[in-house]
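Welcome! Take a moment to turn the model around on your screen, and then we will walk through some of its helices and strands together.

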Amino acid sequence: MQNKGAILFLAIALALVTIYQLSFTVASYTVKQHAKEYAEGDLVKEVNYLDSISSLPQEEWSYLGNTYKEVQGKEINLGLDLKGGMNVILEVSVEEITRALSNYNTDETFNQALAMARQKQRESQRNFIELFGESFEELDPNASLAAIFGTMELRDKVNFNSTNEEVLDVLREESNSAIDNAFNILRSRIDRFGVTQPNISRLEATGRILVELPGVKDPQRVRELLQGTAKLEFWETYENSEVIGYLMEANNILASLKEDMKTLESSEKADTAATEENEVSSVEDLISQEAEQDTTAEETLLEMLSDTTEMEEAGSRAEWNTQNPLFAVLSPSVTREGQPLPRSVVGYSHFSDTAEVMNYLNMEQIRSLFPRDVRFYWSADPMRGDESESIYEMHAIKVTTRDGRPPLDGDVITSARVSYGQTGSSAKVDMSMNAEGSRVWARLTGSNIGRCIAVVLDGYVRSAPTVSTEIKGGSSEITGDFTIEEAEDLANILKSGKLPAPARIINDTVVGPSLGKEAINSGLKSFAIAFMVVLLYMLFYYTRRAGLVADIALLVNMFFIAGILASLGAVLTLPGIAGIILTIGMSVDANVLIYERIKEELRAGKGVKLAVADGYKNATSAIIDANLTTLLTGIVLYVFGTGPIKGFATTLVIGIVSSFFTAYFITRIIYDTYLKHNVRLTFANSVTENAFSNLKIDFINKRKLFYVISVLVILGGIASLTIKGLNPGIDFTGGRSYVIRFDQPVSTVEVADYLGEVYGQNPLVVVYGNENQVKITTKYKVDEPDAEEEVETLLYQGLQPLLPEGVDQETFLEDYRQSSQTVGPTIAFDIMIKALYAVGLSLLIIFLYILVRFRTWQFGLGAVAALIHDVLIVLGLFSILYGILPFSLEIDQAFIAAILTVVGYSINDTVVVFDRIREYLGLYRKRERAEVLNLALNSTISRTLNTSLTTFVVLLTIFIFGGEVIRGFIFALLVGIIIGTYSSLFVATPVVFDTIKKAETGKVLKEKKSS
């Protein structure tokens, strides 16, 4: 084999990289196991342990020079369906941005154009600005957009003479800038949310942002966090020296309260239950010695102080913390001598302690110690120089207005850009304000020379520069030892203040942790069983040594796939595991092609060494064609898919590339080594030696019979599609779905009736897996993205009669709701359009590829005819069987992924047959075409049935053990494998024969006519 050294080098390098990448997953898993052992079943303790490891600097915890936080970022990332969490797609409202750019102009034509564009966008893939311009032109061709958008903020870009097209270009630029800013703001919010391995990315559609938050326990809080509009504010501040005394007094009072609380706890233990109900129960009562109680306040205070009273450290530190409860969680900003440091920073806290600090400071008796105009805000970023990136600063803000609002907000900012100091070593941000902002800014800076002005975004201090002089003219700069990236982010944030760009949720999926755990177990179980089945089958069919070589290639393939997934940071989802398992079934295809070719060469009388060389050589074309067509389908699926479907496509594409390398090159190196050492090789046993080798099925002459069978099945499917239709999922129709697991089996009719009473209309309820688990689908208020909380409340109220007594709404949503999904009508339409594009584009690409490779349009037509045949039959069967089979047969994104996979698999089969036809047409030029085609079909049956059977068994294993979530998806693949195998034998090649025959007959008639 040529280039053997290069292939060995590549294989070794890839193996080393894979080991390196997977080692981070092992290291992270080890830490998590230690956390479980330490916590002994206490989830809070386990989370705190992991948080403490995450905050350690590199000097205290390191793996290959990485902190634990960095190690987590490099491990194999599990999707939400495997570990629970929330997946959200937000859409930044370009319509609202356009309104804001016009300063909310009341022009009738302008507002009508916005409404028309909004209506058009529901049924169009074009961007909003383009639709708005078109609508404005339709309403009044002579109207000028410059008159509407010639505002103070846009005066440098839009003037009275600007054409409508020029104004639209400005709107596109400004809206894109606002969307970029919204993305930065959302990323900042998510980074502070405290989840492990969050993901935020821009989607292809304008204004859409994907957010994935693993392990989220409070979805409603996430919705509120993500959909809030960014607020930029400028505040005056207190100096640290003005506040430190109040903090010390607060610390002393809290220490006294703690002592009183200990006394209270002791007395509670000695009292009877009746007396307990009348005891003092709040800190306020302890101070005032009033007889009235407040049990809730007592419980809150006990929770606040529990961490301090249960300190595990011994000695002076624990004693100090007891005596200084506030300063135990808030380090004061002082020198070593105890003198207050300048600026507005009054203390520092670990991110896990910030909530407790605010609880202390918001207590009524503590709050009353401070001036009425002081507020405390945390910094947006960790303290500079903190390697653990877990310590945040607390600033003291001074409220100077009567209404409590900031003296200046982001609406006055007209521009912001990054610049550099005189030495060019540090970045800063230059900003400009409108006339009103300039006046207020001059007054604000003039009265605060030597003090800090806090720039606050969404309630967090982004910067607090010290004012050195009064700033007039509205031009200013913000310095703060920024990096270039930090300065750019701040400039974007400042610019975002002038553009309200609210984000609304258009797709919302929540997966509970228990469902995620079950998905992992079922996925791994099906993977292990499928893997063992394939390994044993190859050992049986191709003898011990040849089967072992194929198995080694399969094992190396799995190893490489895992390493590539880790190195690319790809997300492994349950459909992704299905993609890997499908790769197992398909990866043996190359080995089967090679082995069948080698067996043919051996039957022709060649020696083993020459047979192996010729077997690899003659199988190369078919292997490349088969892998490329499936790869192209996978790429189309990746481009048009979202979420889990993209995960499926990712693993499928990686698996195809990896399996080709291992099945073709790695096995060849092993066989070269065997042959070099004269190892005896066999490629069949007594049972499989002549299996399928002497078949003489007359496929071509029986083609009309198979045409009739196919037509009858397709007509039956079309009839069902016409009468019964399909069962479209909310991916294509929009709506809300919930998977609810009860303690006992329930009636779907009863569930629907109970919910119909609260929703006004019965939702669709089907059994989902076990009889105690149902899937509820409703369109109640799907057009209202803010109604999620109301819908969940009604869901709980409707199902209350079926729940055990004492189950509150929080417990219901956390324990009984296994997953939920919301898809808005707009994105549902987009998903449907993308699905149609994906299927259509796949068929076109395959037709063009076959046309180029085989240089005859009849081959392309035969391949596409077989694919359309497969798709129609699968659709027809889904229509006939939905409502009959005991699992979901929804038409959703997963179904489209299945259809495209079937297309890829079917074309894989067809191309192998076509490749053999092309070869035989060159070898047997004098034989009848029907005879040559039959010969090619019979000679490839062994490969076709071997690959189909292996893949079918693998998919059947997933279908049985893979769990309810992907059962409908796998069913489509199972049907597709059977239909695809059938069409590659009985449809594709006969269509090629008939179209070539017709073309030749037409040519002969034309020649006769001309003569």
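How close do the axes of H32 and helix H34 come, and at what angle do they cross? Keep in mind as you look that this is a predicted model. The axes of H32 and helix H34, which spans residues 941-961, come within 10 Å, and they cross at roughly 165 degrees. Because angles over 145 degrees count as roughly antiparallel, H32 is roughly antiparallel to H34. The crossing of these two helices is right-handed. On the H32 side, the contact is made by Tyr-905, Asn-908, Asp-909 and Val-912, while H34 brings Arg-943, Thr-944, Thr-947, Ser-948 and Thr-951. Sorted by class, the residues of this contact divide into two nonpolar, five polar and two charged.

Now stay with H32 and look for another partner. Helix H23 (residues 608-640) and helix H32 (residues 893-923) have axes that come within 8 Å and cross at roughly 160 degrees. That angle makes H23 roughly antiparallel to H32. H23 passes H32 in a right-handed crossing. Among the residues that make the contact are Ser-621, Ala-622, Asp-625 and Thr-629 of H23, together with Leu-900, Gly-904, Asn-908 and Asp-915 of H32. The contact of H23 with H32 has nine nonpolar, six polar and three charged residues.

Residues of H31 including Phe-859, Leu-867, Val-871 and Phe-878 meet residues of H32 including Phe-895, Ile-899, Val-903 and Phe-914. By class, this contact has 14 nonpolar, three polar and one charged residues.

Eight strands form an open sheet in the order S3-S4-S2-S16-S21-S18-S20-S19, with antiparallel pairing. Strand S3 (199-202) and strand S19 (764-768) stand at the edges with a single partner strand each, so one side of each has no neighbour in the sheet. On average, neighbouring strands of this sheet are turned by 15 degrees against each other, direction ignored.

Zoom in on one pair of strands. Strand S16 (residues 503-511) and strand S21 (residues 817-823) pair in the antiparallel sense over five bridges. Asp-508 has Thr-822 in S21 as its bridge partner. Helix H28 (residues 788-799) packs on the sheet, where it touches S16, strand S18 (735-741), strand S20 (770-778) and S21. The direction of H28 makes about 40 degrees with that of S18. Helix H29, residues 809-816, lies across S18 and S21 and runs at about 90 degrees to S21.

Finally, how much confidence does the predictor place in the model? The protein averages a pLDDT of 82, and 86% of the residues score at least 70. Over residues 272-315, however, pLDDT stays under 50. Where pLDDT is low, the predicted coordinates should not be read in detail.

Conventions: Residues are numbered from 1 along each chain as its sequence is written. This is a predicted model: local features need pLDDT of at least 70, side-chain atom pairs count only at pLDDT 80 or more; totals for chains, interfaces and linings use all residues. Side-chain values use heavy atoms; hydrogens and water are left out. Axes are lines fitted to C-alpha atoms, for helices over the stretch in contact, and angles run from 0 to 180 degrees between N-to-C directions. Helices (H or I, at least four residues) and strands (E, at least two) are DSSP runs, numbered from the N terminus. Angles under 35 degrees count as roughly parallel, over 145 as roughly antiparallel, 65 to 115 as roughly perpendicular and the rest as oblique. A crossing is left-handed if the near helix is turned anticlockwise from the far one by less than a right angle, and right-handed if clockwise. Contact means heavy atoms within 4.5 Å. Ala, Val, Leu, Ile, Met, Phe, Trp, Tyr, Cys and Pro count as nonpolar, Asp, Glu, Lys and Arg as charged, and the others, Gly among them, as polar. pLDDT is the predictor's confidence in each residue, from 0 to 100. Two strands pair if DSSP finds at least two bridges between them.
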